[in-house]
Amino acid sequence: MYKSLGMSGVDVAGIYNPERFTSKANAFGLQPGFAIDLTLQKDDKGNHWDLSKTEHQKKLKGLLWKEKPAFLIGSPPCGPFSPLQNLSSHRRTAAQNEAILAEGRLHLNVAAEAYMEQHRNGRYFLHEHPKPSRSWREPCIEKLQAMDGVYTVQAPMCKWHMKAEDGQGVGLVRKETCYVTNSAEMAKALEGRCEGRHRHVHLINGRAREAQVYPPKLVNAILKGIKKELMNKGEISELSSITAGPSPDETSSEPTEHFFNPDVKTEGVFDSVTGTPLKTDKVWEARREEMTWVKKQDLYEVVDEQVCWDETGRGPIGLKWVDRNKGDALNENYRSRLVVREIKRSSVPLAEFESFSAMPPLAALKVLCSLLVSKKVSKSGQPLKLRLTDISRAHFYGQARRRVFCNLPEGEEIAGKCALLKRSMYGTLDAASIWQQTYADVLKKNNIKQCVAWPALFYQEDSDLRFMVHGVLSEKFEYRVDGQIGPEATDGTAMCVLNSVLEFNKDTGVLTYEADPRHAEHIIRALNLEESKSVSTPAEKQKLTDVLAAEGLPELDETATAQYRSLTMRAAYLSMDRADLSE
């Protein structure tokens, strides 16, 4: 698949298009890329794009190489080729008419070269111009249409509900339009003809300019065509399409979040996962600790903001605070993370696997528990123990693989400057992948073998080690031991792993494993069952009369449906550790 191989970075980009497609791509599960148009600024200095300039043409080629858009959509100026241009040609000199046509041909050739670059590299393009346009007789377009796998289709704009107003009122605009594309799905989606059951408004008396705006129905049809083609080719899936969200290019509307003064009354801070109100003094303390780590780990270097614009074509990405109480109301464990808002995609294309890290299977924890109570001792005769180790600010240890620019943290701001990450940071797309590679390299360097099937599992045969040891960890990371259970006097008897409670009885050697109790408590609370009596049987078979009675109950409303789905999936997750729920 193109994306997995790094051949395609974004799903849709546009030339001679004022963001009409890239601005709506996320709503269709597509990743937006660059948009180039005479109306759009090229940089923060107010310079606009002008593809008649050689410098801007080189920038376009660089963006095509860098972002590798799966689809490139173009609609170069058609005015110089329009029949309406002939109606006013007598008002200009022959030299002026030739200059207008020459500029039109220049833009048409720039677009055609970009389309051919897409086609040569196995990616897609879409070109649009009105059917009556003389551009269809230009050599560059004729050459494009003659290429293998290229389709030319036609459809009127009234198919897409383009409207205009004349003396008789609002009506549909016919405006026969031709499209050239190398996407079979796109050609199929756009081809059509007028049904002839409505009145047409003629594009005269200045109405032609208004018809340059694509109707929303056409924009939606093109984006749907892109998605269908990419799904057919396996470049995106239903699963990956629903992960689309805001792009980091849109961070200008979301400024970097700052500290708050705990002594000043605020609207409150809430847990980023549960939504539970947090204590502001505790959050303040957690945020201060995080900033200490940011400075300690030398996460970034300060560079001119212009460097960011020159390399990415965008401003630096904003920062955000993520606050959590990873404990509960009785045993508080406040954590705050300063994260980069790289929510959806990066300027440098990433293969899908580069956005994730491996997670050990839940069964691995149960295997470790089983070995503790069954083997009891290691190969060297030492008593087996189970230890939980937490790496402090794990993502800060990996070296950055990409040049990621973000805003400077609060208190470090300098006018005209931004941060270039030297290490990975929470919120960057490849942070988890970099962390996995970082700890895997350290472990393998110490003769600890990595599991082939599960990259997050390791084993050292000589010491019978199935986890991380002190010497290995202290070599590179700062860490703390969050719990250790075992048979010796210095060992503890209980600890919490992934919110599951493990208790070890040193006298009997029995280890009990309790699934995350918070899930069960949440379900009971949500169903108002706190005062209900428990039963000894895991399930109760329904009678036929009960089933028939349930069928006559009214359908759940939207709120109740959402709660039902949430509780069902919570119970399904819990059932992996609760045999009484797995029936």
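**View 1. Aromatic pairs in the predicted model, with Phe71 and Tyr124 as a stacked example.** Searching the whole structure of this predicted model turns up 8 aromatic pairs. One of them joins Phe71 and Tyr124, stacked at 4.9 Å centre to centre with 20 degrees between the planes. This pair bridges distant parts of the chain, since Phe71 belongs to strand S3 (residues 71-74) and Tyr124 to strand S4 (residues 124-130), 53 residues apart. Phe71 is buried at 0% relative accessibility, and Tyr124 is buried as well, at 8%.

**View 2. Tyr397 and Phe477 meet edge-to-face.** Here the ring centres are 5.0 Å apart and the planes stand at 80 degrees; angles over 60 count as edge-to-face, so this pair gets that label. Tyr397 sits in the loop between strands S14 (386-391) and S15 (405-406), while Phe477 sits in the loop between helix H13 (470-476) and strand S19 (479-485), 80 residues apart. Tyr397 is buried at 6% relative accessibility, and Phe477 is buried at 6%.

**View 3. Met425 in the largest nonpolar core.** Among the 32 residues of this core, Met425 and Tyr439 touch the most other members. Helix H12 (431-445) is one of the elements that supply at least two core residues, and H12 gives the largest share, 5 residues. Beyond its neighbours within four places in sequence, Met425 contacts Leu299, Leu319, Leu338, Val340, His395, Phe396 and Ala431.

**View 4. A nonpolar patch on the surface.** Leu527, in the loop between helices H14 (517-526) and H15 (544-551), is partly exposed at 44% relative accessible area.

Notes. Residues numbered from 1 in each chain as written. Predicted model: local features only at pLDDT ≥ 70, side-chain atom pairs only at ≥ 80, totals over all residues. Heavy atoms only, no water. Core = buried A, V, L, I, M, F, W, Y, C linked by side-chain atoms within 4.5 Å. Buried < 20%, exposed > 50% of the residue type's maximum accessible area, 1.4 Å probe, protein only. Helix = DSSP H or I, 4+ residues; strand = E, 2+ residues; numbered from the N terminus. Contact = heavy atoms within 4.5 Å. Patch = residues over 30% accessible without salt bridge, like charges linked within 9 Å, V, L, I, M, F, W, Y side chains within 5 Å. Areas by Shrake-Rupley, 256 points an atom, 1.4 Å probe, with all protein chains shown as cover. Salt bridge = Lys/Arg side-chain N within 4 Å of Asp/Glu carboxyl O. Phe/Tyr/Trp six-rings, centres within 6.5 Å; stacked < 30°, edge-to-face > 60°.
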